[in-house]
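Let's take a walk through this fold, going from its rings to its strands and helices. Have the model open and follow along.

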Amino acid sequence: MRHLFIIASLAIALTNCSSPKKGNVTIIGNIKGLKKGTVYLQKIQDTLLINLDSVKIDGNSEFILKAEVKEPEVHYLYLDKKDGAQYNDRIDFFAEPGEITITTTLNHFEKDIKVISQGKNQKKYEEYKKMKLRFDERNLRLIKENFEASKQNDDEKLIENDEAYKKLMRQKYLYTINFAVFNKKLEVAPYVTLNEIYDANIKYLDTIAKSISPKVKKSLYGKQLIKYIADRKAKEEAATKKNDSINE
């Protein structure tokens, strides 16, 4: 996370920028190996992914993007290499007022990502994603083991893997719950809850929602979490009433 780079000059950066904008967030980026393409700064607004700023790359892989944020919010860096892929080359990060440095490579756009930010949410989000990667890697190994066990009709191994998967999911959910509660003063808490364990038992989601600070409850993701819990409770209550009426 310490690999800083220097922009040669502001004039070069502005040459790359197709529509320079003002904002309280400045993203200084470099995609090593990229010669041609367009880099977009995006966010989700009203369930739609919208473009906030863009830079056309033509020879110089360094760029500057701008955004205006009212509160910490997840943004996306999307690289359009004109290769027909719509969903592969996208990086997510927490945008907070100030300067953010993002470096990566053309060949491993998502894997080689390095984000340097003074924002507390981004630092905690990276901490969470490192642990999530461990869970994902273990899950991938179980999928491969299951595939081999299925080919060999190894029922014992399949049962063993099923138990291992359930244990892994319990560990992931427990870690996420603890992470959210421990980081109750940051917007990353409701965000990871909504994105990673939205289908958890409602009592655990309630625990997180009640633990987050008043400031976070009023944030974008705090409001979304509270609304999601209320909607889910209403649906579950309606389903219970329907089942009761059928059984009468």
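Phe 94, Tyr 125, Tyr 191 and Tyr 221 are joined into a cluster by ring pairs; rings of Phe, Tyr and Trp (its six-membered ring) pair when their centres lie within 6.5 Å. Across the whole structure, a search turns up 10 aromatic pairs. Bear in mind that this is a predicted model, where local features need pLDDT of at least 70 and side-chain atom pairs count only at pLDDT 80 or more, while totals for chains, interfaces and linings use all residues. Numbering runs from 1 along each chain as its sequence is written, and side-chain values use heavy atoms, with hydrogens and water left out.

In S1, 7 of the 8 residues are buried, meaning under 20% relative accessible area with a 1.4 Å probe, protein chains only. S1 pairs with strand S4 (residues 62-67) in the antiparallel sense over 6 bridges, where pairing takes at least two DSSP bridges between the strands. Ile 27 has Leu 65 as its bridge partner there. With strand S7 (residues 98-105), S1 pairs in the parallel sense over 8 bridges, and Gly 29 sits opposite Ile 102.

Ile 27 and Leu 65 turn up again in the largest nonpolar core, which has 22 residues; together with Val 39, Phe 63, Leu 77 and Phe 93, they touch the most other members. Such a core is a set of buried Ala, Val, Leu, Ile, Met, Phe, Trp, Tyr and Cys residues joined through side-chain atoms within 4.5 Å. S1, S2 (36-45), S3 (48-58), S4, S5, S6 and S7 each give two or more residues to this core. Apart from it lies another core, of 15 residues, including Tyr 173, Leu 205, Ile 208 and Ile 229.

Ile 229 brings us to helix H7, where Tyr 221, Gly 222, Leu 225 and Arg 232 are buried as well. Its buried residues pack against S5 (73-80), S6 (90-95), H4 (188-196), H5 (202-211) and H6 (214-217).

Finally, look at Thr 176 in helix H3 (residues 155-182). Is Thr 176 buried or exposed? Thr 176 is buried, with a relative accessible area of 0%. Leaving aside neighbours within four places in sequence, Thr 176 is in contact (heavy atoms within 4.5 Å) with Tyr 128, Val 192, Glu 196 and Ile 197. The side chain of Thr 176 also reaches the backbone oxygen of Lys 172 at 2.9 Å.

How values were computed
Helix = DSSP H or I, 4+ residues; strand = E, 2+ residues; numbered from the N terminus. Buried < 20%, exposed > 50% of the residue type's maximum accessible area, 1.4 Å probe, protein only. Polar contact = N/O pair within 3.5 Å; in protein donor to acceptor, adjacent residues only side chain to side chain. Phe/Tyr/Trp six-rings, centres within 6.5 Å; stacked < 30°, edge-to-face > 60°.
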